Amino acid sequence: MSVIQFPKDFVWGAATASYQIEGAWNEDGKGLSIWDVFSHTPGKVVNGDNGDIACDSYHRYEEDIALMKELGIKAYRFSIAWPRIYPQGSGEVNPKGLEYYHRFVDKLIENGIEPYCTLYHWDLPQALQEKGGWNNRETIDAYLQYAETMFKEFQGKIKYWITFNEPWCVSMLSNYIGAHAPGNQDLQLALDVAHHLFVAHGKTVRMFRELGIEGQIGIAPNLYWYEPYSNRKEDVEAARRKRAWYNEWFLDPLFKGSYPQFMVDWYKKKGAEVNIQPGDMEIIKEPIDFLGINYYSGSLARYKENFEDFDCEEIDEGYEKTDIGWNIYPEGLYKTLTWLTETYGPVPIYITENGACYNDGPVDGRVRDQKRIDYLQKHIIQLNRCIQSGVNLKGYITWSFMDNFEWAEGYSKRFGLVHVDYNTLKRTPKDSFYWYRHLVRTNWLDI
Ligand SMILES: OC[C@H]1NNC[C@@H](O)[C@@H]1O
């Protein structure tokens with residue numbers, strides 16, 4: 001046995017998001033979100049599930065925070081539901097929405113847990129979607145108003161802010177692949193949405209600085225790692241395109257103020273190009289304080305002419321998979337973070353999401369989720385490699401604190417350290433909860 005020791009100020013946390021846990025979909029003045037509409041549309045979500053109740057955390061947050069305290073985490077990453085604050089997306093603020101999040105954040109702080117707040121984790125006010133949503137540049141102004149309200153309202157309470165969760169999901173998954181709300185399937189639209197998110201991000205960071213808000217601000221892209229199936233030029237190029245589809249396209253603008261040219265050319269061949277207005281790229285690369293990285297998986301990539309979007313197919317070389325079908329590829333986390341540091345410099349990084357879907361349930365009151373423990377351990381070992389390799393890694397926030405609404409998969413896919421019985425809403429800490437508690441308390445891993 002050997003021991004891996006993490007830096008003494010390393011931040012251990014857990015994450016959730018508003019639409020996935022809160023429920024109370026139409027309470028206390030909350031406006032509709034695009035996910036209320038999408039999940040209520042037949043055929044969009046497995047089993048017709050929706051977030052109307054979810055984990056009912058809107059009403060049970062004190063119980064949840066007590067469990068977080070027992071877990072011993074120092075950071076809790078959550079998101080604010082924009083439609084609770086601005087039911088129509090802009091205009092009149094809903095005081096009950098502000099009151100809820102003040103009660104929630106105060107309770108976190110009272111329990112010694114640092115709030116890490118994601119301003120946008122996909123639940124766009126439906127009223128804005130009806131005016132074009134993220135395809136309409138005016139949504140950027142509504143987002144800025146929302147962000148400014150939150151910065152001023154929670155000044156001194158919330159010191160870690162994330163502008164957007166997973167811009168790739170908001171743009172490509174939701175507007176090109178179409179699996180998430182609002183469910184469009186248009187590459188040009190997806191590129192424009194991504195660009196508008198970037199402009200909103202850059203303007204928000206600039207505003208955060210100009211307002212002199214105490215704290216740090218960043219963004220949380222989801223990154224994947226692909227290795228070429230062989231050293232044939234075609235395979236190397238295919239893997240490069242596949243990585244850029246997720247990674248460079250969402251990082252180059254932030255750090256270089258430009259899109260990767262080889263991908264601009266690729267998209268142009270597909271008939272799509274980004275509509276950049278003068279000054280946009282300068283705004284987008286407004287320096288951030290940290291980068292949140294969401295990492296789950298990766299694969300091998302092999303050239304296949306006219307296959308899907310990138311003349312590239314994923315080759316499943318016998319990777320073990322989790323219950324959502326994603327490859328378990330912990331070395332991909334090391335490759336991603338070292339590549340990122342080599343490419344963009346020693347930007348402070350938090351892993352803002354990493355975790356595994358396993359659908360274990362309680363047997364005799366205990367949830368034996370050893371596979372989740374194995375997944376987490378394998379990935380956390382890679383983080384230690386990263387630190388030893390010079391990656392400026394500040395913390396690890398696992399996905400997820402509790403089982404919750406897994407978007408188009410509904411409640412059929414479980415990622416939590418805490419099991420939720422959706423009939424009774426009973427919370428049951430899993431074996432992984434106790435494993436993670438030991439890691440958080442000792443700051444070292446036995447391997
Ligand atoms: O699919 C698991 C997670 N991935 N990132 C965004 C979260 O909202 C998801 O639940």
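Trainee: What should I know about the model before we start?
Mentor: It's predicted, so local features need pLDDT of at least 70 and side-chain atom pairs count only at pLDDT 80 or more, while totals for chains, interfaces and linings use all residues. Residues are numbered from 1 along each chain as its sequence is written, and side-chain values use heavy atoms, with hydrogens and water left out.

Trainee: OK, at what angle do α8 and α9 pack?
Mentor: About 160°, with the axes of α8 (residues 167–177) and α9 (residues 187–211) 8 Å apart. Axes are lines fitted to C-alpha atoms over the stretch in contact, and angles run from 0 to 180 degrees between N-to-C directions. Helices here are DSSP runs of H or I, at least four residues, numbered from the N terminus.

Trainee: Roughly parallel or antiparallel, then?
Mentor: Roughly antiparallel, as angles over 145 degrees count that way.

Trainee: Which residues of α8 make the contact?
Mentor: P167, V170, S171, M172, N175 and Y176. Contact means heavy atoms within 4.5 Å.

Trainee: Switching topic: where is Y436?
Mentor: Y436 is in helix α16, residues 431–442.

Trainee: Is Y436 buried or exposed?
Mentor: Buried, at 0% relative accessible area; the cut-off is under 20%, with a 1.4 Å probe and protein chains only.

Trainee: And what does Y436 touch?
Mentor: Leaving out residues up to four places away in sequence, Y436 touches W12, G13, L71, I73, Y396, T398 and L417. A polar atom of the Y436 side chain also lies 3.4 Å from the backbone oxygen of Y396.

Technical notes:
Helix = DSSP H or I, 4+ residues; strand = E, 2+ residues; numbered from the N terminus. Parallel < 35°, antiparallel > 145°, perpendicular 65-115°, else oblique. Buried < 20%, exposed > 50% of the residue type's maximum accessible area, 1.4 Å probe, protein only. Polar contact = N/O pair within 3.5 Å; in protein donor to acceptor, adjacent residues only side chain to side chain.
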